Amino acid sequence: MPKITFLPNADLCPEGKIVEAEEGETILEVALRNDIEIEHACEMSCACSTCHCIVRKGFDSLEESDEQEDDMLDKAWGVEPHSRLSCQARVTDEDLEVEIPRYSLNHAKEDH
């Protein structure tokens with residue numbers, strides 16, 4: 001079973017967290033199931049960039065992003081070459097290391 005290491009984030013997981021994932025789950029689904037409340041204003045429909053994350057290790061194991069995701073990533077703050085929308089990036093059989101940026105374009109967090 002693959003693992004996702006969420007790097008420390010002052011607001012969401014100050015100590016960082018290593019969790020188990022199932023193949024086919026999105027990074028966001030795994031995070032939420034493990035009480036890491038990544039913002040997701042569009043309810044995981046790939047219509048915003050609030051769930052932007054940076055895959056520090058294991059990026060090449062993910063399926064390539066599609067045009068819709070790339071368009072949304074263009075609107076995210078702090079995009080890097082290994083950026084993905086966590087609602088679209090599906091876990092495969094390889095471990096991942098994920099950084100959740102401290103800021104998003106949302107001025108206020110949604111209450112999920």
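This briefing walks through the fold of one protein chain, from its overall build to a few single residues. The model is predicted, so to speak of local features a pLDDT of at least 70 is needed, side-chain atom pairs count only at pLDDT 80 or more, and totals for chains, interfaces and linings use all residues. Residues are numbered from 1 along each chain as its sequence is written, and side-chain values use heavy atoms, leaving out hydrogens and water. The protein chain holds two helices and five strands, where helices (H or I, at least four residues) and strands (E, at least two) are DSSP runs numbered from the N terminus.

**Overall build**

- Starting at the N terminus, the elements follow the pattern β-β-α-β-α-β-β.
- The radius of gyration, taken over C-alpha atoms, is 13 Å, close to the 13 Å that the globule rule gives for 112 residues, so the chain is as compact as a globular protein of that length. That rule is 2.2 Å times the number of residues to the power 0.38.
- Along the principal axes, the C-alpha atoms fill a box of roughly 35 × 30 × 20 Å.
- Of the 112 residues, 43% count as buried. Buried means under 20% relative accessible area, exposed means over 50%, and partly exposed lies in between, using a 1.4 Å probe and protein chains only.
- The accessible surface comes to about 6,400 Å², and 44% of it belongs to carbon and sulfur atoms. Such areas come from the Shrake-Rupley method with a 1.4 Å probe, and for residues only the protein chains shown count as cover.
- A contact means heavy atoms within 4.5 Å. Among contacts between residues at least 6 apart in sequence, 64% join residues at least 24 apart.

**The sheet**

- Five strands make an open sheet with mixed pairing, in the order β2-β1-β5-β3-β4. Two strands pair if DSSP finds at least two bridges between them.
- At the edges sit β2 (17-20) and β4 (83-85), each pairing on one side only.
- Neighbouring strands are turned by 35 degrees against each other on average, direction ignored. The axes behind this value are lines fitted to C-alpha atoms (for helices, over the stretch in contact), and angles run from 0 to 180 degrees between N-to-C directions.
- Strands β1 (residues 3-6) and β5 (residues 96-99) run parallel and are joined by three bridges. Here Ile4 stands opposite Leu96, and Phe6 stands opposite Val98.
- On the antiparallel side, three bridges join β3 to β5. Ile54 has Glu99 as its bridge partner in β5, while Val55 has Val98.
- β3 also pairs with β4 in the antiparallel sense, over three bridges. In β4, Ile54 has Ser83 as its bridge partner.
- A handy thing to keep in mind as you look: in a regular strand, side chains alternate between the two faces of the sheet.

**The nonpolar core**

- A nonpolar core is a set of buried Ala, Val, Leu, Ile, Met, Phe, Trp, Tyr and Cys residues joined through side-chain atoms within 4.5 Å. The largest one here has 26 residues, and those with the most contacts inside it are Ile4, Phe6, Ile27, Ile36, Ile38 and Leu96.
- Two or more residues of this core come from each of β1, α1 (27-33), β3 (52-57), α2 (67-73) and β5. Helix α1 gives the most, with four residues.
- Leaving aside neighbours within four places in sequence, Ile36 is in contact with Phe6, Leu12, Cys13, Lys17, Ala31 and Ile100.

- Pro2 lies in the segment before β1 and is buried, with a relative accessible area of 6%.
- The C-alpha atoms of Pro2 and Asp93 are separated by 5.5 Å, although these residues are 91 residues apart along the chain.
- Not counting residues up to four places away in sequence, Pro2 touches several others, including Val19, Ala21, Val91 and Asp95.
- Glu97 belongs to strand β5 and counts as buried at 18% relative accessibility.
- Beyond its neighbours within four places in sequence, Glu97 is in contact with Thr5, Leu7, Ile54, Val55, Arg56 and Lys57.
- Between Glu97 and Phe59, 38 residues apart along the chain, the C-alpha atoms are separated by 8.6 Å.
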